[in-house]
Amino acid sequence: MTANLGAMDLLLATRNQHKTREFAQLLGPNFTLRDLTSEHDLPEIQETGRTFEENAVIKAIAISKIFPDQIVIADDSGLEVKSLGGAPGIFSARYAEENASDRRNVEKLLCELQGAPERSARFRCVIALVKNGELITTIAGEIAGKITKSPRGENGFGYDPIFIPEGFEETFAELPSDTKNAISHRGKAVAELVRYFNTARRSARK
Ligand code: IMP
């Protein structure tokens, strides 16, 4: 689908400031990014989808209907652990309980994996791009790795302290943010999103 995307002001449908920071670093100076942290009267959006893609689209469309003149992007992401049949998956943010802290989610995951020799996992991210309440496109990214036996490192958020990306010895929380961004699920998806915008801009100029 083609769209006239105009100026690159983007509204990111999240209140997760860690996500916003990563998006801002990944998008770079050609984009002005705003998130929902200063919007206090928004309805709660129920993530009722069965996949990252469905939930990203639900979030982006719901926010786009409230801000129809904005280009809205929403990221739905999470960790899939092979020996847990893909859990926590779309429930990553609320694995231990509703509104769980990162620490509680990490504790629960390590508990579930106690003594497990098979610790492979992957982070997945799907970004939905929406304008005027209509889906323009979705873009996915993923990174494979393994789960440590205990948390290590202070950077990042979520499950970063227990995830070692393939080809590294350090967890995402031990790696500098630039390194994480260069290889992460979100980094890959945002790079693809930027390519999408650049192509759309070029064809709009023709
Ligand atoms: P969402 O806001 O519903 O997409 O939930 C995403 C959840 O997945 C986060 O709260 C984290 O627990 C986890 N997650 C997603 N991306 C990352 C990441 O880059 N590092 C660590 N945890 C992540």
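This is a predicted model: local features need pLDDT of at least 70, side-chain atom pairs count only at pLDDT 80 or more; totals for chains, interfaces and linings use all residues.

Q: Which elements give two or more residues to the shell around the ligand?
A: Strand 3 and helix 5 do. Four residues come from strand 3, the largest share of that shell.

Q: How is empty space found in the first place?
A: A probe the size of a water molecule is rolled over the atoms, and this shows where empty space is left. Here the largest pocket has a volume of about 1200 Å³.

Q: How many residues line the largest pocket, and which lie nearest its centre?
A: The lining has 36 residues, and Thr14, Asn16, Glu47, Lys59 and Ala93 are those nearest the centre. By class, 12 residues of this lining are nonpolar, 11 are polar and 13 are charged.

Q: Which elements each supply at least two residues of the lining of the largest pocket?
A: They are helix 1 (17-27), helix 2 (52-66), strand 3 (71-81), helix 3 (102-112) and helix 5 (185-205). Strand 3 supplies four residues, the largest share of this lining.

Q: Back to the ligand: how many residues surround it, and which are the closest?
A: There are 17 residues around the ligand, and the closest are Lys19, Asp160, Lys180, His185 and Arg186. The shell divides into four nonpolar, five polar and eight charged residues.

Q: What distances separate ligand atoms from N or O atoms in the side chains of Asp76, His185 and Arg186?
A: For polar contacts, look for pairs of N or O atoms within 3.5 Å. An oxygen atom of the ligand is 3.3 Å from such an atom in the side chain of Asp76. A ligand nitrogen is 3.2 Å from an N or O atom in the side chain of His185, and a ligand nitrogen is 2.8 Å from one in the side chain of Arg186.

Q: How much of the ligand's accessible area does the protein cover?
A: On its own the ligand has 490 Å² of accessible area, and the protein covers 93% of this.

Q: What is the volume of the second largest pocket?
A: Its volume is about 160 Å³. The second largest pocket is lined by 14 residues, with Arg21, Glu22, Asn155, Gly156 and Ser177 closest to its centre. By class, this lining has four nonpolar, six polar and four charged residues.

Q: Which element gives the most to the lining of the second largest pocket?
A: Helix 1 does, with four residues. Helix 1 and helix 4 (177-183) each supply at least two residues of that lining.

Notes: Residues are numbered from 1 along each chain as its sequence is written. Side-chain values use heavy atoms; hydrogens and water are left out. On a 1 Å grid over the protein atoms alone, a cavity is a set of points where a 1.4 Å probe fits but cannot get out, and a pocket is an open set with protein on both sides within 12 Å along at least five of seven lines; lining residues have an atom within 4 Å of a point. Grid points are joined across faces, edges and corners, and a volume is the space filled by probe spheres set on the points. Ala, Val, Leu, Ile, Met, Phe, Trp, Tyr, Cys and Pro count as nonpolar, Asp, Glu, Lys and Arg as charged, and the others, Gly among them, as polar. A residue is near a molecule or strand if one of its heavy atoms lies within 4 Å of it. A polar contact is a pair of N or O atoms within 3.5 Å; within protein, one must be able to donate a hydrogen and the other to accept it, and residues adjacent in sequence count only if both atoms are side-chain atoms. Accessible areas come from the Shrake-Rupley method with a 1.4 Å probe; for residues, only the protein chains shown count as cover.
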